[in-house]
Amino acid sequence: SISTKGGKIRSVELKNYQTHDSLPLVLFDGPNNSFGLNFFAQNRSIRTDDLYFVPLAAETKLIVGGPQVKQCKEGNEKYNQEQGGEEKSLQMRLMTDDDSFLEYRYTVKHNSYMVGFDVTVTGMDDMIASNSNSLNFPWAHADPRLERKSKYGEDNYTSVNYKFFDDDVEKLSPAKSSEETLATRIKWISFKHLFFNSTIIADDAFPTAGIKYDYHGESDKYVGDFYADIALPYENKPNQSYGMSFYFGPNHFHTLKQYDISLDKLINLGYSILRPVNRYLVIPVFNLLRNYIGNFGIIILLLTIFIKVILLPFTYKSYLSQAKMKALKPEMDELNEKFGKDKPMEKQQAVMALYKKAGVNPLGGCLPMLLQMPILFAMFFFFPGAIELRQESFLWAKDLSSYDSILNLPFTIPLYGAHVSLFCLLMTVTTILSTKLNSQATASTQTMPGMKTMMYLMPVMFLFILNSYPAGLSYYYFLANLITIGQMFLFQKFIDEDKIRAQIHSNKKKPVQKSNFQKRLEKIAKDRGVQLPK
């Protein structure tokens, strides 16, 4: 909606979306927003936000039509070019006299979340103070609560984000009030929610800007207030124009990525080592499954199976290495009895000698597990920001993008919350079961003191942490645990521990093979006359 007062965008409603309580999804509305130019003219401070514009259009309702949009093609600009669709503009003018005016032009296209915004200043060079080198463009609005209130939900992701012209994307801290002055060129400034954003984008760059975020915390109606004061360069010429655009739409990775201005960085896909996993593995597979399957519970199940199949060789190597360590348990018990606790150095040397003679790598079980960790943690970032899961139900979970609750408690448990998430409980139980089976199948005397207790304490800690996280994440970890438990039973069936032990004993009888590196070191030592120990 465009208001004649200020000629500004008064409100933005996104079609085909609803708030968590089934109301129309409005990014901002009414008097709780400011938008316009501020400057000095004839020794007076002018705020266009308070002045009335005239629309250069006969009708008060513009409808932009086009062909029906296929699923997964919403907001796809390339698809629009291929299929066609209308594009219309609306001009709002603030007349100062017959030959001078300020004009806003808004351009809307079919199936696009991008709104063109062009500002033209004509014949006002004798009105605007000649010593002005910039016009201030303040843009601010209250941030309505669009999602169900949650400790790790919308509040934790909402803030002001921005991109420097020749640098990366930065943001103000979420869940707290903060402000910053941006003294170098900026490409865009975004008022970002968990799943949606309102972003102003310069065709070139904004020279400077001041940004601010006021966090409301406990409010049930608003998360906070956004504010940006943007400088537009002014050269005191008869005609001057500024090209900009607004993006009002979802935080959907490929929709944002298509503009090639780093808008996709608004979606938190994890740290630098994790982001490629989500971008090049998880998201493509997820989108491929979404093209053919409408049930997101089934999509997550198939995604989990796909990832576990990829990781199967690493999981198998880890289990096999731990099985070899288990086969050495009798020898390890002998060393423990021989050296006790009084000779830790001698015991460690004897253990390493045993590993070397038996041909067992003590790190063989750790390295494959480490290779799996990036995918495990990548999911921790993918699911909370996946807009595809928003308001999608599965089994008892009404919204996979938020926590599932089978019981609302009459009190709040610190760190846990005031509800009980069944998917989180199932994830915790299967994690403990998986840990127990793994410790039984690969028992070793080399467990560090307290490590066993820590292994069982970790799932309980995650029970408190993930209770308020999206149900889709807990559901994924639950499925991954079930598949892991199934893999353990298969490994136990197909891996012959007696055969492994026989192979280890056979290796112990063979002479220890020296590596080429060790041979070179010995040769250098001999050439220098060093007597090597036997």
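**Cavities in a predicted model**

Visitor: Hi! By class, what residues are in the lining of the largest cavity?

Guide: That lining has 7 nonpolar, 6 polar and 4 charged residues. Here Ala, Val, Leu, Ile, Met, Phe, Trp, Tyr, Cys and Pro count as nonpolar, Asp, Glu, Lys and Arg as charged, and the others, Gly among them, as polar. A cavity is a set of points on a 1 Å grid over the protein atoms alone where a 1.4 Å probe fits but cannot get out, and lining residues have an atom within 4 Å of a point.

Visitor: Which of them lie nearest its centre?

Guide: Of the 17 lining residues, R148, G153, L194, S401 and S402 lie nearest the centre of the largest cavity. The model is predicted: local features need pLDDT of at least 70 and side-chain atom pairs pLDDT 80 or more, while totals for chains, interfaces and linings use all residues. Residues are numbered from 1 along each chain, and side-chain values use heavy atoms, without hydrogens or water.

Visitor: What volume does the largest cavity have?

Guide: About 150 Å³, counted as the space filled by probe spheres set on the grid points, which are joined across faces, edges and corners. The whole structure has 3 cavities of 30 Å³ or more.

Key:
On a 1 Å grid over the protein atoms alone, a cavity is a set of points where a 1.4 Å probe fits but cannot get out, and a pocket is an open set with protein on both sides within 12 Å along at least five of seven lines; lining residues have an atom within 4 Å of a point.
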